[in-house]
Amino acid sequence: MTPERATIVWLSGGGCDGCTMAVLGASTPGLEQLLLGAVPGVPPLELIHTALSYEGGAAYLARLEQAAAGRLAPLILVLEGSVLDESRAGDGFFTGLGDSGGRPITISTWLDRLAPQAAAVIAIGTCATWGGIPAAAGNPTGAMGLGDYLGAQFRSQLGLPVINLPGCAPHGDNFIEAVTYLFLHIAETVPLELDAYNRPRWLYGQGFRHAQSALDVQCNVPTRGWMRRVGGCATVGGRCIACTMPDFPDRFSPLIVPQSEE
Amino acid sequence: MCFKNLPIEFDAHGRPVLRPDASGDPFGVPRPALDPAAAAQKIASGAHIKELMLDPVTRVAGALAFHTVVDLQSRRVLEAHTEARVFRGYEVILKGRTPTDAIDISSRACGVCGGVHATCAAMALEMAFGVVPPPLALIARNLGEAAELLYDHSLHLFLLAGPDYSALAVSATTPSLGARAQQTPAPHAHIHGLPRIAAIMEGLNPLRGALYTEALDITRVAREVASLMLGKYPHPSTIIPGGLLTTLSAGSFNQVLGRIVRLLDYAKKVALLWEDLIEFFYAELPAYAAVGERSRHLIGTGMWDDAEAYDGSFATCDAWGERRQATPGVIVDGQLRTTRLSALNLGMEEFVDHSFYEQWHAQPFPSDPLGGPLSPYHPWNKQTIPHPTQKNWKERYTWATAPRWDRLTMESGPISRHWITAAAAKLNNPFIVATGDGLQIELPKGTMPALTLHWQIPERLNTLERVRARAYHVAYCCMVAYTYLLQGFEYLRLGKDRTTTPYQIPDSGIGVGFWEAGRGILTHHAVVEGGRLANYQILTPSSWMASPRDPWGLPGPYEEAVLNTPILEEFSRPDDFKGIDILRTIRSFDPCMPCTVHMHADGQVIVRDATTCACGVD
C-alpha cells in the first residue's frame with residue numbers, strides 16, 4: 001500500500017552538491033513534481049536538505065531529531081558525498097551538522113542514528129557509493145562509501161541493502177526513478193531489482209568498453225544524454241572517465257589522454 | 001598607488017619591486033591576540049544579549065555554520081564567526097598526480113559551479129604547458145560558462161535567497177511590511193506581470209510559488225546550453241588543456257539560439273521584479289541600506305576571454321585580461337586600484353592563523369614569472385597541511401582560510417563584476433556599455449519587446465545591492481552568451497572550426513588560472529615538477545568571503561557584513577526572533593561551501609553555552 005506521506009532526509013558528507021544539482025536538473029518528471037505528489041503511486045514527500053529546506057537552524061535539527069526517533073516514517077535516507085573517517089580528525093572533525101556539548105555532530109553520527117530508522121537507504125553519486133574522489137590515493141580523510149561504512153550485512157527496514165546510484169554526478173532522472181520504484185516496491189506492485197553492485201538493474205544494465213582501461217563501464221548517459229537528451233560524454237565528443245565505477249578516479253587516471261599531433 | 005600595505009612598488013618601467021625601505025622580514029605578520037573575553041562579558045551583561053547559533057544555514061550550497069551574539073535591545077550584532085565545516089582534502093589529493101587530472105578532480109570541488117573549476121584548471125595548465133586553444137574552443141567555453149552563470153544565478157535568486165523575501169518569510173518576520181506590500185503596486189508590472197509587491201513575494205514562496213518553479217525550469221534550459229557547449233553540467237566532460245572536445249556544428253549553435261531567446265525574455269523580467277522589490281524595501285524602511293553593509297573592497301579576476309587575444313601566458317596576462325567581457329580588477333574604498341591580472345596576483349596572500357591548518361614554512365617562489373616579489377603567504381608558496389583541532393573562537397574555528405589582497409578583506413560576485421567593469425570602462429561589447437558610473441545593457445526583442453536596462457554603481461555595498469547586481473547580471477550573462485553565439489556562427493562560416501591544440505606535459509612549469517565562479521573570483525595556482533603536480537592551490541570566492549579573522553584580527557566579509565547589520569526584524573519575544581536580517585546578509589553573498597550557523601534565542605541557554613562550550617570564550 002502506498003503511504004499517505006513520506007520523508008526524505010538528504011545528508012551531505014564529503015561531497016560537492018553535484019548530485020543535488022543533477023537531481024534538480026531531472027525532468028521526467030522534475031523533483032518539484034515528485035515532491036508535490038504528482039507521480040501516481042508516490043505520496044507527497046517532505047525533503048529535508050541543507051541546500052533546499054526553507055527552515056534552517058534549530059527547526060532543521062528538530063526535524064532530523066524526529067527522523068532519528070522514528071517519527072517521520074516511512075523515511076528514505078539519502079547520502080551524497082563520502083563518509084569521512086572522523087577517527088582521523090583527532091580532537092577536531094571533518095564534517096559537522098549541529099553541535100552537541102559544544103562539539104560538531106559528525107555526519108557519520110547522524111548516519112548511525114538515522115540508518116536504523118530508514119525504510120530505504122540510497123547512496124547517490126560515486127562518493128557515497130564507492131568513496132569517489134575524496135577516497136582517491138593520498139586522501140587525508142579516510143573517505144569511504146556508505147555500503148562500506150554500514151557494512152555488507154546492512155538491511156533497511158524494507159529488507160533492502162544500500163541502494164547505489166553511482167555517477168559523478170549520475171543522471172538526475174536516476175534518482176527520481178529509483179524513488180518512484182521504491183514506492184512501487186512498497187505497494188508490492190513492482191519489486192525493486194538490484195544488480196550485484198546493488199544498483200537498480202534497469203538504470204545500470206547497459207555496459208560499454210572504456211577505451212583506456214579496457215574495462216566495462218555501466219552507465220545510462222550514453223543512451224539518455226544529459227539534460228533532456230542534450231549533451232553527454234563520449235557521445236558528444238567528450239571523454240568517458242568511468243565516473244560511475246568503483247575505484248574511480250585512480251584506476252582510470254590519467255583521466256585525459258594527450259592527443260597525438262595532427 | 002597599487003599597494004598600500006604590501007612592501008611592493010613599481011619602478012620607472014612599471015615593474016613590481018620590493019620597496020627600498022623593506023628589510024629583514026618584508027612580508028612579516030604581527031600576531032596580536034584576539035580579545036578573548038569579549039563575548040562572555042557581552043553575554044553576561046544582560047538578558048537581551050543573545051547568542052545566535054544558526055546550524056545549519058540552509059539554502060546555501062554546502063554546509064555553513066555561523067555564530068553571532070546579538071543585542072536585541074539596541075538591535076545590534078556584537079559578535080560574528082563564520083564556520084566552514086567540511087574538509088575533503090582535494091589539494092592534498094591532487095599533489096603528485098598527472099597534471100591534467102586537475103581538470104576533472106578540481107571540477108568536483110563544487111557541484112554547483114564545477115564548470116568554472118574545470119575551466120580555471122585548464123587555464124592554469126595552459127599557462128604551465130604553454131598551449132593556446134583555437135578561437136572556436138574559447139568561444140564555446142565562454143558561451144558554456146555564460147550559461148553556467150545563468151543557471152547558477154537563477155538558482156540562487158529564486159531557490160536559495162528568494163524564499164527570504166517570500167510572502168512566507170516577510171509575514172513571519174516583518175508583518176507590517178507584508179501588509180503594505182498588499183497595497184503597493186509594482187512599477188514594472190507591465191514587464192514582469194506581477195501587479196503588486198505582494199504578488200512578487202507570493203511568487204517567491206518555496207516550492208509552490210510561480211517564480212520558484214519557473215526558475216527551476218529556467219535552470220534546466222540554461223544547463224542545456226551549458227551541456228551543448230561543454231558536454232554536461234555539473235562536471236563538464238569535454239574540457240581539456242588547449243581546447244575543447246565537444247563536436248561543434250551550426251546545429252549545436254542553433255540549438256543554443258532557440259534556448260537563448262527564452263532566456264533573454266526571462267532576463268528582462270528578473271531584473272525588474274527584483275528592482276521593484278528592492279526599491280519597496282528601501283522606501284518602506286531606509287535602514288535596509290545598512291543591512292549587510294561593509295567596506296567597499298571588491299576583487300575580481302574577470303572572465304570570458306577575447307578568443308583572439310587570450311594566449312594563456314603570464315607575460316601578457318595584463319593585456320588579455322583587460323580584454324575580457326568582465327574586466328579584472330580591485331576596488332578599494334570604492335576606488336579602482338588596478339585592472340592588471342599580474343598586480344591582482346601579486347597582492348594575494350592566504351592566512352591560516354584561525355583555521356584548522358598548520359602554517360607552512362618553505363617559500364619556493366620568491367618572485368612571480370615576471371620578477372615581481374611574492375609573499376611567502378602567496379598561493380604559489382602555500383602548502384595545504386590539514387590539522388583538525390577543537391574549535392575555539394580565539395584560536396581556530398573553521399576549515400576556511402583567510403585570503404587577503406594587499407592585506408584587506410575582499411568581496412566578489414556579480415556586484416564586483418559589474419562595479420569593476422563599469423568603473424574601468426574598458427569593455428568592448430555590442431550590447432553592454434560601461435559608462436564609468438554604471439552599465440547599460442541592451443536586451444533585444446524576443447517574445448517581449450526590446451529593453452535597455454541601467455545598473456548604477458551603488459553608494460553603499462550592502463545586502464540588497466548584492467541581490468540587485470545578481471538580478472541584473474542575469475541580463476549581462478545573457479548578452480555575453482549571445483555575443484559569443486554570434487561569434488560561433490561567424491567562425492564556423494569562415495571554416496575556423498578547430499577546437500584543440502596538441503600539447504605536451506612539461507617536466508616543470510608554473511601556472512595560474514584566473515576565472516570567476518558565479519559567486520566571484522576564482523584562481524587555481526599549479527606547480528609542475530618532474531611532470532607531476534608538486535602543488536595545486538584552489539582559492540574559491542567563498543574562501544575569500546567566508547574567511548575567518550586574519551592575523552590582524554580583521555573579520556572576514558560575511559562576519560563584517562553581519563556585524564554592521566541593524567536588526568530590523570519585528571518580534572514580540574526573544575523566542576520569536578528568527579534572525580532574518582542576518583540570514584539575508586549571509587545568503588546575499590551566495591555562499592558555496594560547507595559551513596554551519598547556530599542560533600539560540602534563550603538567555604539562560606546562552607549563558608550555559610558560553611561557559612561550558614568547548615568552542616567558548618574562557
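Keep in mind that the model is predicted.

Let's start with the helices.

| Helix pair | Residues | Axis distance | Angle |
|---|---|---|---|
| H4(B) and H5(B) | 114-129 and 135-160 | 9 Å apart | about 145° |
| H14(B) and H15(B) | 463-493 for H15(B), 414-424 for H14(B) | within 8 Å | roughly 75° |

Take H4(B) and H5(B) to begin with. The crossing of H4(B) past H5(B) is left-handed. On the H4(B) side, the contact is made by B:Gly114, B:Gly115, B:Val116, B:Thr119, B:Ala122, B:Met123 and B:Glu126. H5(B) brings B:Arg141, B:Glu145, B:Glu148 and B:Leu149 to meet them. Sorted by class, that contact comes out as 4 nonpolar, 3 polar and 4 charged residues.

Now for H14(B) and H15(B). Their axes cross at roughly 75°, and these two helices are therefore roughly perpendicular to each other. H14(B) contributes B:Pro414, B:Ile415, B:Arg417, B:His418 and B:Thr421 to the contact. Among the H15(B) residues taking part are B:Arg466, B:Ala469, B:Tyr472 and B:Tyr476.

**A three-stranded sheet**

Chain B also has an open sheet of 3 strands, in the order S8-S9-S10, with antiparallel pairing. S8 (298-300) and S10 (335-338) of chain B sit at the edges with a single partner strand each, so one side of each has no neighbour in the sheet. From one strand to the next, the twist averages 20°.

If you look at S8(B) and S9(B) (residues 329-332), you'll find 3 bridges joining these antiparallel strands. Opposite B:Leu298 stands B:Ile331 in S9(B). H14(B) turns up again here: that helix packs on the sheet and touches S8, S9 and S10 of chain B. The direction of H14(B) makes about 90° with that of S8(B).

**A strand with two faces**

Last stop: S14(B) (residues 438-443) and S15(B), an antiparallel pair joined by 6 bridges. In this pairing, B:Ile441 stands opposite B:Leu453 in S15(B).

S15(B) covers residues 451-456, and its side chains alternate along the strand. B:Leu451, B:Leu453 and B:Trp455 point to one face and are buried.

Definitions and conventions: Residues numbered from 1 in each chain as written. Chains lettered and ligands numbered in written order. Predicted model: local features only at pLDDT ≥ 70, side-chain atom pairs only at ≥ 80, totals over all residues. Heavy atoms only, no water. Axes fitted to C-alpha atoms, helices over the stretch in contact; angles between N-to-C directions. Helix = DSSP H or I, 4+ residues; strand = E, 2+ residues; numbered from the N terminus. Left-handed = near helix turned anticlockwise from the far one by under 90°. Contact = heavy atoms within 4.5 Å. Nonpolar A, V, L, I, M, F, W, Y, C, P; charged D, E, K, R; others polar. Parallel < 35°, antiparallel > 145°, perpendicular 65-115°, else oblique. Pairing = 2+ DSSP bridges. Buried < 20%, exposed > 50% of the residue type's maximum accessible area, 1.4 Å probe, protein only.
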